[in-house]
Amino acid sequence: MYKTIFDYIERHSISKLSNEEKLEIEGLMVPIKIKKKHYFLKESQVSEYAGFVVKGALRMFSIDENGNDCIHQLYIEDWWAVDMKSYMSLKPSDFFIEAHENTELLAVPRSKFETILEIPAFKEMFWHINQNHHIAAQRRRDHAKHLSAQKRYEIFSFLYPQLVERFPTSQIASYLGITRETLTRVRKGL
């Protein structure tokens, strides 16, 4: 289970992990299993863990005033599931993170975050993925403002074909900020 995270860290950093650092990471990260439809995080809870997805899929969502799910993020293997705002500020979350499939995570408790950042390769990986997340979020906002539903879906399905395969149309539509019916028409048109 830990080999996956070690490989991920080394792919996203310039430093290599020593055997001692690997043992330290094993001692700091907590294995968590979540059954399908169960929660990694619930709205109004403090996000106490940042979870690296070893196996499975999750979705981060909020519920709008009409009771509809609004998907903010989809996660699969080799992605980090966390409400970063709640995790870093220790304030209650505005989101739910629910397992879409039976899921296995390696999680960093917030209380161990500063300690694990002392490992150079982990720190480099953290900053690398943090930058990539910021760029992706900015690109997503730009696409929502400037691109048609069809173009947004084309880009999304090109960049993330594995998400298209694993999540239902309704959740992908919500993530893209369009209706399920619009996404169905877009897919038929392609």
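Are W80 and F122 buried or exposed? W80 is buried, and F122 is buried too, where buried stands for under 20% relative accessible area, exposed for over 50% and partly exposed for values in between (1.4 Å probe, protein chains only). The model is predicted, with local features needing pLDDT of at least 70 and side-chain atom pairs counting only at pLDDT 80 or more, while totals for chains, interfaces and linings use all residues. Residues are numbered from 1 along each chain as its sequence is written, and side-chain values use heavy atoms, leaving out hydrogens and water.

A search of the whole structure gives twelve aromatic pairs; rings of Phe, Tyr and Trp (its six-membered ring) pair if their centres lie within 6.5 Å, and planes under 30 degrees apart are stacked, over 60 edge-to-face and the rest tilted. The ring centres of Y8 and F52 are 4.9 Å apart with planes at 55 degrees, so this pair is tilted. Y8 belongs to helix α1 (residues 2-11) and F52 to strand β3 (residues 49-55), so the pair ties together parts 44 residues apart in sequence; helices (H or I, at least four residues) and strands (E, at least two) are DSSP runs, numbered from the N terminus. Y8, at 6% relative accessibility, is buried, and F52, at 0%, is buried. W80 and F122 make an edge-to-face pair, at 6.1 Å centre to centre and 85 degrees between the planes. Y8, F52, W80 and F122 form one aromatic cluster.
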